[in-house]
Amino acid sequence: MVHDLIMPKMGESITEATILRWFFNEGDTVKQDEPILEIATDKVDSEIPAPMDGRLVQIFFKVNDVVPVGALIAKISDGVNDENVENSAVLLDFTEVDPILPIIDPVINVPFQPYIKSPQVQVDQSDTSTKQIFYSPLVRTIAQQEQIELHELDALMGTGADGRVTKQDVLNYVDSKKLKTEDKSANQTHVSNLSTSDDTDEIIEMDRMRRLISDHMIQSKNTSAHVTSFIEVDVTEIVLWRNKHKAIFQKKYNQNITFTPIFIQSIIKAIKEYPLINASLHGYQIIKKKDIHIGMATALPSGNLIVPVIKNADRMSLQGLVHSVNDLATRARDHQLKPDEISGGTFTITNIGSFGSLMGTPIINQPQLAILAVGVIKKKPVVLETPQGDVIAIRHCMYMSLSYDHRVIDGFLGGSFLKKIADLLESFDPNTTI
């Protein structure tokens, strides 16, 4: 009997992967759970094991091919009733693979309707989708008229009930494909002009991750009604507390305590008071999230960014948050994150202060509704109110900026949430124990 080896789903927002290498050739014998090939998503490299003992009878993709999730990548025979193996294969065409497949932003880690020009699978158009997803007759008619393949429909993020793909979803996808084609053509013309106009200029081709960032940033700005609010925060007590305890913390827990876990603690408390912040928007439905999963932007040695996610951060102590922040940041820089560790975030924090910036206007982490940026902490003279009157003192201060989606979060809610975080940070208890 012949068994299909399918490209697995490596995370809720991962829709394709690149084949890095095959460990076996056609005709080789494989054993169950033995790695057959190595693949790479936007950020994580993984090995796909053999689902059974058998013989690798057919391989459909070669090294460096970009393969959609759910695509047939190989066939394995267990030697029982496997006649006509060669004739049972699905025919694939690799000549039309678009090298630019903007699916997920390494800063944001959130899917958009993919601009996929995928390998074309020759299937009976009257058949149901490969995932057996229900599509209305109207959706199927539009898809047929616009020459949209079933695997493309399967990859769409539906906004209808229970995630069902609607007429508008298909029309939006058609528009996005047309825009991408136009943009690509214009870009090629522009690059051609650059090449001929001034040979002294250096033309740098974007790497894959930077292309994804570029496309995702534009999509986020086009999706959400961005508004950004700012506030200045006195974090003197936090700075003094950390300076006093960081050596003790290192000795006791073998961990370096940064400001990020303390900021995350305040974010969590503020979310619990303003739960609508911890939500997403699907069509006209606001989905309030029960769990609090905090994403934290992490700079990579390449200059790109990735956002690992601390799952159920509200259930962790300060010590637990310190461990998670350090562990995820370290493995992110070493490219050792697992797919589920870069997906599912409900709120994101980015520390632009680590680059020396005072403040910024971060772009929302789709489909989240808000993202917080914290600036550099600097000493400055501040007027303090005391029982004896106003005095000027040197304090440690920083700016925080909150970008939020005005389709759901108005200025009152966004401003109140930001002020709550500031109040929590300024009221930090200097007697907090470790």
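Start your tour at helices H6 and H8, whose crossing is right-handed (right-handed means that the near helix is turned clockwise from the far one by less than a right angle, left-handed that it is turned anticlockwise). Helices here (H or I, at least four residues) and strands (E, at least two) are DSSP runs, numbered from the N terminus.

Before you click on, a word on the model. It is a predicted one, in which local features need pLDDT of at least 70 and side-chain atom pairs count only at pLDDT 80 or more, while totals for chains, interfaces and linings use all residues. Residues are numbered from 1 along each chain as its sequence is written, and side-chain values use heavy atoms, with hydrogens and water left out.

**Stop 1: the helix pair.** Select residues 260-273 for H6 and 411-426 for H8; they pack at an angle of about 135°, with their axes 9 Å apart. Axes are lines fitted to C-alpha atoms, for helices over the stretch in contact, and angles run from 0 to 180 degrees between N-to-C directions. H6 and H8 are therefore oblique to each other (under 35 degrees counts as roughly parallel, over 145 as roughly antiparallel, 65 to 115 as roughly perpendicular and the rest as oblique). Now show side chains: the residues in contact (heavy atoms within 4.5 Å) include Ile262, Phe263 and Ile267 of H6 and Phe417, Ile421 and Leu424 of H8.

**Stop 2: a four-stranded sheet.** Next, find the open sheet with the order E5-E4-E2-E7 and antiparallel pairing; two strands pair if DSSP finds at least two bridges between them. Strands E5 (45-49) and E7 (66-68) stand at the edges with a single partner strand each, so one side of each has no neighbour in the sheet. From one strand to the next, the twist averages 40°. Zoom in on E2 (residues 16-22) and E4 (residues 35-40), which pair over four bridges. Here Arg21 stands opposite Glu38 in E4.

Stop 3: Most residues other than glycine have a negative phi, and most peptide bonds are trans. Select Asp33, in the loop between strand E3 (29-30) and E4: its phi is positive, near 70°. Asp33 is exposed, with a relative accessible area of 57% (exposed means over 50%, buried under 20%, partly exposed in between, with a 1.4 Å probe and protein chains only). Move to His335, between helix H7 (318-333) and E18, where phi is near 60°. His335 is partly exposed, at 46%. Finish at Pro367, in the loop between E18 (347-351) and E19 (370-374); the peptide bond from Gln366 to Pro367 is cis.
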